[in-house]
Amino acid sequence: METGFATKCIYGNGRDFEKDGTGAISFPIYQTATYAHPAVGQSTGFDYSRLQNPTRQQVEKVVASLEGGADALAFASGMAAITALMELFRPGDHLITDSDLYGGSIRLFDHVSEKNGITFSHIDCTSEDVESYVRPNTKAIFIETPTNPMMNVIDIRKMSGIARKHGLLLVVDNTFMSPYFQRPFELGADIIIHSGTKFLGGHNDTLAGFIVVNSQELADRLRFLIKTVGSGLAPFDSWLILRGIKTLPLRMEKAQANAKAIVSYLLSQPRVKKVYYPGIQGTAGYEILRSQASGSGSMLTFEVESRELALHILRSTRLIPFAESLGGTETLLTYPLTQTHADVPEEVRLKNGITDRVLRLSAGIEDAKDLTDDLEQAFASFGKENGNAG
Ligand SMILES: *Cc1c(COP(=O)(O)O)cnc(C)c1O
């Protein structure tokens, strides 16, 4: 039975899990490391939980169905997923990556993968001639869109065209939009990455990561890796992600509505110099975003008039915590300079516009007015605390 997206969030590709005869509606947590074999040479399909576990298998099925992939693999974190992905490459290989990526991905590429003999061209995939960076040893293009934290929109179909022409893999980290708003396989991607910690889990309570593939050959290579390197997602964490995904559509809609309310507020606040949100009509990536995604999401970045004001806001919000991460029920404010992007080289950071005046906000699902009121009281109290200017 072909179902809609919200139904897939609950049942994956079908209601096939009540196999234990109890009729349990919630998928059980199979908290076991190993499995008894009926006889020598026979297996129940489960041998040892590093290789496979029923609860992990269930969350993998659901995530594969949401992205329309052939298979998905669940890892202990987003970075564990990207680390396993890098094992598909060998010394001498070259990758093209966008320069405005999650800081942890850049750290992995520059400090771990480089040491293993893989080289990178970190470029601006929205403005540079990507094709001119393709070398005989180039194996893949790795992007996030919208980018983190500057919210630039990369044309996935265009990147796919270049990848096809040169026989490269197109890898899209789809964490920011989730499959609810953007499905990269339909636009020509070969591999999709998720930090399941973010929107899929959605409650700021567990870490997880996914690699979703659209070919059995890639799935087989990655299954070999997950069993060998041992970074698969634990049963209880798999269950938390399964539970989080059930409300993904509701959370995405509410968080997006809150983000739009916050964008409107920030655009009217004279001390805000710039708001980066791909859903603002007339901004650079707006038309591309509309052609490849069904929403603009709940992530936004804004620049205030001074470093002092940025620091003041981070210590003055009463409701919104100053914390890393995104995509959960709680609205969070992040300071990319010292948090998510601290390991990005300074010249790259400045070129991308990540200054000491830039704040990133992930809208949660609280009441919008409480969020804008909180920001307003933080702006209004600037210069008034302890009688000095911030
Ligand atoms: C958080 C994040 C990651 C890393 O995921 P973890 O679960 O924190 O390891 C990768 N990519 C993006 C876009 C992220 O936001």
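This is a predicted model: local features need pLDDT of at least 70, side-chain atom pairs count only at pLDDT 80 or more; totals for chains, interfaces and linings use all residues.
Residues are numbered from 1 along each chain as its sequence is written. Local features need pLDDT of at least 70, side-chain atom pairs count only at pLDDT 80 or more, totals for chains, interfaces and linings use all residues, and side-chain values use heavy atoms, with hydrogens and water left out.

Start with the charges. Side chains of opposite charge can pair when their charged atoms come close. A salt bridge here is a side-chain nitrogen of Lys or Arg within 4 Å of a carboxyl oxygen of Asp or Glu. A search of the whole structure finds 14 of them.

Look at R223 and E60. They form a salt bridge, with the closest N and O atoms 3.0 Å apart. Helices (H or I, at least four residues) and strands (E, at least two) are DSSP runs, numbered from the N terminus. E60 is buried, at 2% relative accessibility. R223 is partly exposed, at 23%. Buried means under 20% relative accessible area, exposed over 50%, and partly exposed in between (1.4 Å probe, protein chains only). D71 joins in as well: E60, D71 and R223 are linked in a network of salt bridges.

Next, find K139 and D93. Their closest N and O atoms are 2.9 Å apart, in a salt bridge. K139 lies in strand β4 (residues 138-144), and D93 in the loop between α3 (78-86) and β2 (94-98), so the bridge ties together parts 46 residues apart in sequence. D93 is buried at 7% relative accessibility. K139 is partly exposed at 34%.

R357 and D356 also meet through their side chains, in a salt bridge of 3.7 Å, N to O. R357 is partly exposed, with a relative accessible area of 29%. D356 is partly exposed too, at 24%.

Now turn to a helix pair. Two packed helices are described by the angle between their axes and the distance between the axes. Axes are lines fitted to C-alpha atoms, for helices over the stretch in contact, and angles run from 0 to 180 degrees between N-to-C directions. The axes of α8 (residues 235-246) and α9 (residues 248-268) come within 5 Å and cross at roughly 60°. That makes α8 oblique to α9; angles under 35 degrees count as roughly parallel, over 145 as roughly antiparallel, 65 to 115 as roughly perpendicular and the rest as oblique.
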